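Student: Please take me through the terms used for this structure, and set each value against its definition.

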Amino acid sequence: MQKITKEVYLKWYEDMLFWRKFEDKLAAVYIQQKVRGFLHLYNGQEAVLAGALHAMDLSKDKMITAYRNHVQPIGMGVDPRRVMAELYGKATGTSQGLGGSMHIFSKEHGFYGGHGIVGGQIPLGAGMAFGDKYHETGAVTLCYMGDGAVRQGSLHETFNMAMNWKLPVVFICENNGYAMGTSVERTANHTDIWKLGLGYEMPCGPVDGMNPVKVAEAMHEAMERARKGEGPTFLEMKTYRYRGHSMSDAQHYRTKEEVEEYKKIDPITQVKDVILEKKYATEADLKKIDKRVKDLVSECEKFAEESPWPEKNVMYDTVYEQEDYPFLQYKL
């Protein structure tokens, strides 16, 4: 793994701050009904992405996740203006406005969604890894899921096959505590989700998902194992979301005091404290970064606002049609 230098810390700070402010802006325009449908925000979980990106080889590695998926493609190189435009349903979006919040996608940058079906991305992630093993690309797939998705049977089927075939995939559970709104304690007789890997003799373990350094170290080890042909790893990133499951979540299942307690270990604050303690930058330097972030968020909003709506024919152009389909004919 590359050394975690001054430059890495400053990049982490700017990236995570931008992701946080990007999501905050989406929350604001959602209330104004400029973004419709569901909206699942990443606030609080930024260290999971920042640490993973540090361990990845973005020239070939891939990522797939669930519906909390706006900032991951940005981290992998997708233009944030296009992500914002996709959420607005505009023609300049990553899927011409047809995907929306839960379906951001970029093959060019190795980001394969964005999936609205709970746990639906888990077997797909293994399938992507199978393709890389078959074609000997040396790439590793990171397959993310929430703590609610680990109750899906597809996870167990996928774990079994991934271990059997020693696929180059890292399964990551972003355990933010409540799935949609029910705590882990109420949905299973164990709270250590990472132990699910033990049943398949899959290397597994818990990770402090609020600290990008811990995430980067764990991800590097898991990805190196995959590149050596030793198969998958299952990591439980213990993290927390400050906002509700989605914008329609009233959050009756937790207290405001609990949220405030977790904000004391905010990943952005942790990184900022290290920067100041090690004198990597001054408060004045950080204020310049803050301004850059604010300006870029405004630029994304302006781009989305001013972009055109897609033409109606786009909806029909993207539907598969086979003119010579052999329809079955039944005789009465």
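Student: With which side chain does the side chain of glutamate 46 make a polar contact?

Tutor: Keep in mind that this is a predicted model, in which local features need pLDDT of at least 70 and side-chain atom pairs count only at pLDDT 80 or more, while totals for chains, interfaces and linings use all residues. Residues are numbered from 1 along each chain as its sequence is written, and side-chain values use heavy atoms, with hydrogens and water left out. The partner is the side chain of arginine 20, at 2.7 Å. A polar contact is a pair of N or O atoms within 3.5 Å, and within protein one must be able to donate a hydrogen and the other to accept it, while residues adjacent in sequence count only if both atoms are side-chain atoms.

Student: Why does glutamate 46 count as buried?

Tutor: Glutamate 46 has 1% relative accessibility, and buried means under 20% relative accessible area, with exposed over 50% and partly exposed in between (1.4 Å probe, protein chains only), so glutamate 46 counts as buried. Leaving aside neighbours within four places in sequence, glutamate 46 is in contact with Met16, Trp19, Arg20 and Pro267, where contact means heavy atoms within 4.5 Å.

Student: In which helix is glutamate 46 found?

Tutor: Glutamate 46 is found in helix H2, residues 46–55; helices (H or I, at least four residues) and strands (E, at least two) are DSSP runs, numbered from the N terminus.

Student: Why is H1 called roughly perpendicular to H8?

Tutor: Two packed helices are described by the angle between their axes and the distance between the axes. H1 and H8 (residues 212–227) pack at an angle of about 110°, with their axes 12 Å apart. Axes are lines fitted to C-alpha atoms, for helices over the stretch in contact, and angles run from 0 to 180 degrees between N-to-C directions. Angles of 65 to 115 degrees count as roughly perpendicular, under 35 as roughly parallel, over 145 as roughly antiparallel and the rest as oblique, so H1 is roughly perpendicular to H8. Tyr9, Trp12 and Met16 of H1 make the contact with Pro212, Val213 and Ala216 of H8.

Student: How many bridges join strand S3 (residues 169–175) to S5?

Tutor: Six bridges join S3 to S5, and these strands run parallel. Two strands pair if DSSP finds at least two bridges between them. S4 (residues 204–208) and S5 also pair in the parallel sense, over five bridges, with valine 207 opposite methionine 237 in S5.

Student: What is the order of the strands in the open sheet?

Tutor: The order of the five strands is S1-S2-S3-S5-S4, with parallel pairing. S1 (62–64) and S4 are the edge strands, as each pairs on one side only.

Student: What makes S5 mostly covered?

Tutor: Five of the six residues of S5 (residues 233–238) are buried.

Student: What makes helix H4 mostly covered?

Tutor: Seven of the nine residues of H4 (residues 80–88) are buried, and what covers the buried residues includes helices H1 (6–31), H3 (71–75) and H11 (283–306).
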